[in-house]
Amino acid sequence: MSERASPVTQPEEQHQPDEQHDEHESTADDADEHDSDATTEPTPTPVTTGAEAVVRALENAGVEYAFGVQGGAIMPVYDALYDSEIYHVTMAHEQGAAHAADAYGIVSGEPGICLATSGPGATNLVTGIADADMDSDPLVALTGQVATDFVGNDAFQETDTVGVTTPVTKDNTFSSEPDRVGSDVSEAFALAREGRPGPTLVDLPKDVTNAETDREPDDPRVPDTYEVQERADPEIVTAAAERIENADRPAMLLGGGVIKGEATDVCREFAIEHEIPVITTMPAIGAFPEDHELAMEMAGMHGTGYANMAITHCDTLIAVGTRFDDRLTGGIETFAPDAEVIHVDIDPAEISKNIHADYPLVGDADTVVSQLAEAVDSSPKATKWRAQCQQWKSDYSMAYDAPKDEPVRPEFVVEALDEATSDHAVVTTGVGQHQMWACQYWTYTEPRTWVSSHGLGAMGYGLPSAIGARFAADDDQEVVCIDGDGSFLMTLQELSVAVRENLDITVVVLNNEYIGMVRQWQDAFFEGRHSASDYGWMPEFDKLAEAFGAQGYRIDDYDDVADTIAEAIAYDGPSVIDAHIDPQANVYPMVPSGGDNGQFALTEDQL
């Protein structure tokens with residue numbers, strides 16, 4: 001294993017905004033050293049072009065980092081970035097830029113920024129934008145566009161970016177006026193984070209960003225027509241509170257909106273005060289500490305058996321910030337069949353969309369759960385129910401066999417990683433079996449430490465999202481990417497970014513030489529016919545990592561696991577562990593698509 005030629009530092013230590021352009025800022029820095037009495041910020045230079053207005057809008061919004069790929073139509077904006085304190089991370093591919101910005105938004109809570117040029121640059125962002133849309137992640141995409149006179153003429157690298165992205169954005173804008181372009185970006189930033197978060201896009205024609213203007217952008221604010229309901233109907237709150245008080249078998253279901261709405265604390269306090277078992281969706285992992293006795297963990301297709309049993313048998317389901325997607329519910333008719341449903345959501349479109357809400361509570365999650373907390377006078381008498389939930393946790397524990405003379409079990413690797421890192425380490429993943437093992441066998445206790453692609457299920461998400469997460473995470477937070485060989489292969493070029501930026505991330509590739517989830521489904525439902533799922537031609541990822549300049553490691557048996565993980569995490573820079581696991585390992589529990597959550601399979605024979 002080759003050693004890096006140069007020392008590696010944390011990104012937070014190396015990439016501070018005031019260190020970005022040393023040669024261009026030396027005069028200002030020297031002046032500051034001799035002016036110890038300076039107490040005010042220097043006055044920004046006046047805006048002179050549309051591109052400068054775009055960058056000023058980002059600066060006014062407090063943006064510190066942006067992720068993108070340079071190109072012809074976006075070049076004026078990049079030229080304006082040259083003198084900005086915003087640190088730009090050049091990604092290897094635009095999809096990686098979108099995923100990195102998405103992860104930055106998940107971990108930081110503020111919209112991530114991605115940039116791309118027109119045509120293929122913009123279309124390469126679409127997967128990441130769609131992912132952010134499905135998961136309600138705050139993201140702003142800025143795309144270059146051909147000059148307005150050429151729009152519609154099939155010009156070089158022209159694509160109708162607004163038309164392409166309309167179905168997968170919360171809002172998008174074709175910015176056609178130099179005096180307005182900065183404010184368009186400010187508004188896009190505000191819309192991305194207000195209410196139900198999501199991706200926004202501003203398409204920037206080159207003649208608009210090149211044009212002269214002295215108009216300073218407005219501060220980030222949403223349009224006057226944009227309204228978000230904060231508080232739920234008091235009468236429905238009162239009725240829901242009475243239902244909770246009288247429940248015999250209450251359960252609380254936390255969705256991703258709990259984390260995005262900063263409602264983690266109030267939800268934890270409510271559940272603990274009233275001793276209500278707590279279930280999470282996959283996007284809500286970390287919203288409730290999984291080591292707490294009330295935690296039933298994740299429900300759904302590959303959720304824990306005890307979480308699915310709790311949903312199936314509860315009589316009152318308090319659902320907060322979830323859209324009840326099909327991977328959670330299975331068959332609609334069998335989901336929580338005995339429960340009266342209290343549904344809290346900031347988006348009225350989600351109420352009764354998939355699961356009927358007996359008590360529809362539209363509003364901000366933190367505000368509405370606080371309303372419920374004030375309205376509930378007494379805790380439900382559910383001693384027997386809590387005992388039953390604990391019994392299910394015992395009956396359907398997440399145990400597995402790991403014979404030392406057989407190939408390494410992936411679950412063992414995930415648990416070893418968890419043991420070797422702090423409680424607030426950030427975990428990112430690609431999509432597939434490895435994603436499910438990362439859900440099931442890592443104990444999450446804090447919000448914004450789980451970063452993955454949920455609704456869209458975008459393979460290749462893991463590595464670029466680890467890059468974005470690293471820039472957003474605290475100095476003392478480890479960032480670990482648990483990836484699959486198929487997912488890693490899709491975006492591994494972003495390893496060049498991690499090396500160039502000296503990012504301290506650890507990538508663990510659970511390598512089974514299959515598209516593992518597809519292989520598992522083929523074994524279960526397609527008579528074992530492995531059509532296009534066998535990836536026996538995979539490269540040696542540890543050696544490939546070293547070719548990029550990262551540190552490479554390999555795991556082949558159980559004796560390698562602990563020491564290799566410890567060494568990789570201790571390495572001060574990007575490292576990749578090629579962990580060769582049991583190629584026949586499957587993810588269980590499993591509920592067949594559209595099935596009954598209460599009839600989960602623990603083995604293939606039960607499917």
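Trainee: Before we start, what should I know about the model and its numbering?

Mentor: The model is predicted, with local features needing pLDDT of at least 70 and side-chain atom pairs counting only at pLDDT 80 or more, while totals for chains, interfaces and linings use all residues. Residues are numbered from 1 along each chain as its sequence is written, and side-chain values use heavy atoms, leaving out hydrogens and water.

Trainee: Let's begin with sheets. In what order do the six strands of the open sheet lie?

Mentor: First, the general idea: strands of a sheet pair through backbone hydrogen bonds, either parallel or antiparallel. Strands here are DSSP runs of E with at least two residues, helices are runs of H or I with at least four, and both are numbered from the N terminus. Two strands pair if DSSP finds at least two bridges between them. In this structure the order is β14-β13-β15-β16-β18-β17, with parallel pairing. At the edges are β14 (450-451) and β17, each of which pairs on one side only.

Trainee: Which strands does β18 pair with, and over how many bridges?

Mentor: With β16 (residues 506-511), β18 pairs in the parallel sense over six bridges. Strand β17 (residues 551-555) runs parallel to β18 and is joined to it by five bridges. There, Ile 555 has Ala 579 of β18 as its bridge partner, and Gly 552 stands opposite Val 576.

Trainee: Is β18 buried or exposed?

Mentor: Buried means under 20% relative accessible area, exposed means over 50%, and partly exposed is in between, using a 1.4 Å probe and protein chains only. Six of the six residues of β18 (residues 575-580) are buried, so the strand is largely enclosed by the rest of the structure.

Trainee: How do I read the two faces of a strand?

Mentor: In a regular strand the side chains alternate between the two faces of the sheet. In β18, Ser 575, Ile 577 and Ala 579 are buried on one side, and Val 576, Asp 578 and His 580 are buried on the other.

Trainee: Now salt bridges. How many does a search of the whole structure find?

Mentor: A salt bridge is a side-chain nitrogen of Lys or Arg within 4 Å of a carboxyl oxygen of Asp or Glu. The search finds 21 of them. One of the pairs to look at is Arg 193 and Glu 110, whose side chains meet at 3.0 Å, N to O. Arg 193 is partly exposed, with a relative accessible area of 32%, and Glu 110 is partly exposed at 34%.

Trainee: Which residues form salt bridges with Arg 180?

Mentor: Among them are Glu 187, at 3.4 Å, N to O, and Asp 218, with the closest N and O atoms 3.9 Å apart. Arg 180 and Asp 218 are 38 residues apart in the chain, in the loop between β5 (171-174) and α8 and the loop between α9 and α10. Through shared partners, Arg 180, Asp 184, Glu 187, Asp 218 and Arg 221 are joined into one network.

Trainee: Last one: which residues form the negative surface patch?

Mentor: The patch is formed by Asp 557, Asp 559, Asp 563 and Glu 567. Patches are made of residues with over 30% relative accessible area and no salt bridge; like charges are joined within 9 Å, and nonpolar side chains (Val, Leu, Ile, Met, Phe, Trp, Tyr) within 5 Å. Asp 563 sits in helix α24 (residues 558-570) and is exposed, with a relative accessible area of 60%.

Definitions and conventions: Areas by Shrake-Rupley, 256 points an atom, 1.4 Å probe, with all protein chains shown as cover. Lys, Arg positive; Asp, Glu negative; His and termini not counted. Charge placed at Lys NZ, Arg CZ, Asp CG, Glu CD.
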